[in-house]
Amino acid sequence: MKANFIELNPGAIFAQRGKNKTREDFTNVDIYNLSNIDLTAYNCLVISGFADQDFLYEQRQIILDFVNARKILIFSGNLVTDWLPGGQLFVPKKINSHKDYEVSIHKQHPIFEGVLEDDMTYNKGVSGFFARGHHPTPEGAEVLLTLPGDTPITYIDRVSTKGTILVHAGSDLFGYMKPEINKTTDRIGPQLVKWVHEEIAMLQEEVTT
């Protein structure tokens, strides 16, 4: 099944830089129009950490209903209000050296296939851009990436709702859409899109069986 993405535009200047890079399937809408949008045509909701999370808390029932319709929610950022089903608030990583930001692949997964840990950890020799902390995971969640100490930074939650929630405690994973920096992280965006298509097909198949 082809996935139709809807992305909430938070209006923040930093959120505009990578907006809609080769995202032909994406519909980008003003976050404050969420309650007026018919979401039935979409099956993947994309929210960034630049979003107004006080507003998202007010709209949390809409978000819950969307995912419970056997759909996908992808959030990249730091949770600061309790709007995300199954989510817990962001916990900053205690840092003693740059090595505390080193990313490890906890479990091999198609989203990060062929992506080197060092390419996620370092950007022009500096660490900390990919993730600087974590969200405690719901029991039964699938952890994909960690920081030192098995601190989970990216996980898939198929237990908190009838749908699927992907949470990444860092910058927008869809920002890695074009081979602009010639690193293995260029694979993340396209592979994430492919995974969404496959996950939606699985969720919808479960409805009909």
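## Close-up views of the predicted model

**View 1. Lys107 is partly exposed, with a relative accessible area of 41%.** The model shown in every view is predicted. Glu142, by contrast, is buried at a relative accessible area of 16%. A salt bridge links Glu142 to Lys107, with 2.9 Å between the closest N and O atoms. Because Glu142 belongs to strand β10 and Lys107 to the loop between β6 (104-105) and α4 (117-121), this pair ties together parts that are 35 residues apart in sequence.

**View 2. A salt bridge joins Glu199 and Arg158, the closest N and O atoms being 2.8 Å apart.** Glu199 is located in helix α5 and Arg158 in the loop between β11 and β12, so the pair connects parts 41 residues apart in sequence. Glu199 counts as buried at 4% relative accessibility, whereas Arg158 is partly exposed, with a relative accessible area of 35%.

**View 3. Thr164, in strand β12 (residues 164-168), makes a side-chain polar contact of 2.8 Å with the side chain of Glu199.** Thr164 counts as buried, at 0% relative accessibility. Beyond four places in sequence, the residues in contact with Thr164 include Val67, Ile72, Leu73, Ile156, Arg158, Trp195 and Leu203. The C-alpha atoms of Thr164 and Cys44 are separated by 9.4 Å, although these residues are 120 apart along the chain.

**View 4. Glu198 and Lys194 meet through their side chains in a salt bridge (2.6 Å, N to O).** These two residues are four apart in helix α5 and therefore separated by about one helical turn. Glu198 is partly exposed, with a relative accessible area of 41%. Salt bridges that share partners join Lys107, Glu142, Arg158 and Glu199 into one network. The structure holds five salt bridges.

**View 5. Phe112, Phe130 and Val196 touch the most other members of the largest nonpolar core, which has 32 residues.** At least two residues of this core come from each of β3 (44-48), β4 (72-76), β10 (142-147), β11 (151-157) and α5 (188-208). Helix α5 supplies the largest share, seven residues. Another core, of 25 residues, lies apart from this one, with Ile6, Tyr42, Leu45 and Trp83 among its members.

**View 6. Gln191, placed in helix α5, is in contact with Phe112.** At 14% relative accessibility, Gln191 counts as buried. The side chain of Gln191 reaches the backbone oxygen of Ile111 at 2.9 Å, and a polar contact of 2.9 Å links the side chains of Gln191 and Arg187. Excluding residues up to four places away in sequence, Gln191 also touches Pro110, Glu113 and Val115, among others.

Note on methods: Residues numbered from 1 in each chain as written. Predicted model: local features only at pLDDT ≥ 70, side-chain atom pairs only at ≥ 80, totals over all residues. Heavy atoms only, no water. Core = buried A, V, L, I, M, F, W, Y, C linked by side-chain atoms within 4.5 Å. Buried < 20%, exposed > 50% of the residue type's maximum accessible area, 1.4 Å probe, protein only. Contact = heavy atoms within 4.5 Å. Polar contact = N/O pair within 3.5 Å; in protein donor to acceptor, adjacent residues only side chain to side chain. Salt bridge = Lys/Arg side-chain N within 4 Å of Asp/Glu carboxyl O.
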